[in-house]
Amino acid sequence: MNMKFPFTTSFGTQQRKELLLVEAVDEDGLCGWGESVAMLIPWYNEETVKTNWNMLEDYMIPKLIQDSIEHPDDVSAKLSFIRKNHMAKAAIEGAIWDLYAKKQQVPLARALGGSRDNIEVGVSIGIHKDVKALIQTIQDHLEQGYKRVKLKVMPGRDVEVIREVRRHFPDVPLMVDANSAYRLEDTDHLKQLDEFNLMMIEQPLASDDIIDHAKLQAQLQTPICLDESIHSVDDARKAIDLGSCGIINIKIGRVGGLTEAKKIHDLCAERQIPVWCGGMLEAGVGRAHNVAITTLSNFLLPGDTAASSRYWDEDIIEPEVTVSDGFIAVPDAPGIGYEVNREKVDRYTLSSKVYRRPADFS
Ligand SMILES: O=C(O)CCC(=O)c1ccccc1C(=O)O
Ligand SMILES: [Mg+2]
């Protein structure tokens, strides 16, 4: 699928998306859907669409197919013999969560323990070459009701750009995301951001770091939010203990699925660390999963899950995810609550494969 606009971050520009969908079908013919957020190039983490397919085919599906699954919370334990590959794990676990919720005839949001019936959303805006164009993009999204604006930044596209944005929008809830573009030596430079009353600065330093982030946070007033650095509830605990961040971005794919996402959410609630749901330019299935997890009580800040129409001329779900006054209404149909449009999925499909349980499975 091609996005409506090229999206530029400190690691590169993307517009074409290939996404891996997993459909889990039970003995009664009920089906659940999951979407991998891996990209075509391993920029954000080490996974790609192809490595996901490989991991699913060679290790994950053979393991899950050989015994019964009582509850979706069991999936991550069954797959724990495989290191990392979190986006592939999340794709299949997500399909099983959706299937489970449909079987229980409850919305996925409720199956996960969420209680909100609408969620507040913001928008993530890529690096623009031209500041005027950026101001216009921000203006357009504020008019559409988005509750906060996140700007991608990198060295050379930061302090002066934010100053100009603040001049136009002095009171807008604003944050920035560096996708690991800085180093600890940039501390003095990053301190200049404190004057802009930013909600947070997301992932300024290395994707595998929590030590330097703690040193940086000690020097900054603006809270650091970790994205890339948090892969598990243990990572979150260590980062909180070290003082590496004041806020955590939860992405279902990055942490290996909804079960781990819930654990991080619960830990952060206990430790009074607000969380919000990050985005990975998802199509409808992934977007629907993000909506469901965001209904949990400690998702206290607007997420990056914007409307389908921000990204796609046509999404693969019905209805599409829509935003009104900065809120998404959480669907109340069972499972993810949106229908996957099979005709559209078929039209976009490059390859697909069916894996069946052995005939003697009981
Ligand atoms: O609109 C979205 O889905 C969020 C976009 C976004 O910020 C992002 C997109 C791709 C990879 C990483 C990130 C990020 O949050 O760091
Ligand atoms: Mg980020």
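Visitor: How many residues of domain 1 are in contact with domain 2?

Guide: In this predicted model, 40 residues of domain 1 are in contact with 40 residues of domain 2. Contact means that the C-beta atoms of two residues, placed from the backbone, lie within 7 Å.

Visitor: Which elements supply that side of domain 1?

Guide: Strand 1 (2–9), strand 4 (31–35), helix 2, helix 3, helix 4 (108–111) and helix 13 (342–348) each give at least two residues. Helix 3 has the largest share, with 10 residues. Helices (H or I, at least four residues) and strands (E, at least two) are DSSP runs, numbered from the N terminus.

Visitor: And what classes do the residues on that side of domain 1 fall into?

Guide: There are 19 nonpolar, 12 polar and nine charged residues. Ala, Val, Leu, Ile, Met, Phe, Trp, Tyr, Cys and Pro count as nonpolar, Asp, Glu, Lys and Arg as charged, and the others, Gly among them, as polar.

Visitor: Where are the domain bounds?

Guide: Domain 1 covers 2–109 + 341–348, and domain 2 covers 118–335. These bounds come from an automatic or database domain assignment. The centres of the two domains, taken over C-alpha atoms, are 22 Å apart.

Visitor: Changing topic: which residues does UniProt list for "active site"?

Guide: The unreviewed UniProt entry lists K152 and K251. UniProt positions are given in the numbering used here, feature names are shortened, and annotations may be inferred rather than shown by experiment.

Visitor: Is K152 buried or exposed?

Guide: K152, in strand 7 (residues 149–152), is buried because 23 other C-beta atoms lie within 10 Å. A residue is buried if 20 or more other C-beta atoms lie within 10 Å of its own, exposed if 12 or fewer, and partly exposed in between, with C-beta atoms placed from the backbone. Leaving aside residues up to four places away in sequence, K152 touches T8, T9, S10, I125, G126, I127 and D177.

Visitor: Where is K251, and what does K251 touch?

Guide: K251 is in the loop between strand 11 and helix 10. K251 also counts as buried, with 27 C-beta neighbours inside 10 Å. Not counting residues up to four places away in sequence, K251 touches D227, G278 and M280.

Visitor: What surrounds ligand 1?

Guide: The shell consists of Y44, S124, D177, N179, D227, G278, G279, M280, L281, D304 and A306. Each has its C-beta atom, placed from the backbone, within 6 Å of the ligand. By class, the shell has four nonpolar, four polar and three charged residues.

Visitor: Back to helix 10: which of its residues are buried?

Guide: They are L258, T259, E260, A261, K262, I264, H265 and C268. They pack against helix 2 (73–78), helix 3 (86–104), helix 9 (233–242), strand 11 (247–250), strand 12 (275–277) and helix 11 (284–293).

Visitor: What follows helix 10?

Guide: Q272 follows helix 10, with a positive phi near 60°.

How values were computed:
Residues are numbered from 1 along each chain as its sequence is written. Chains are lettered from A and ligands numbered from 1 in the order in which they are written. This is a predicted model: local features need pLDDT of at least 70, side-chain atom pairs count only at pLDDT 80 or more; totals for chains, interfaces and linings use all residues.
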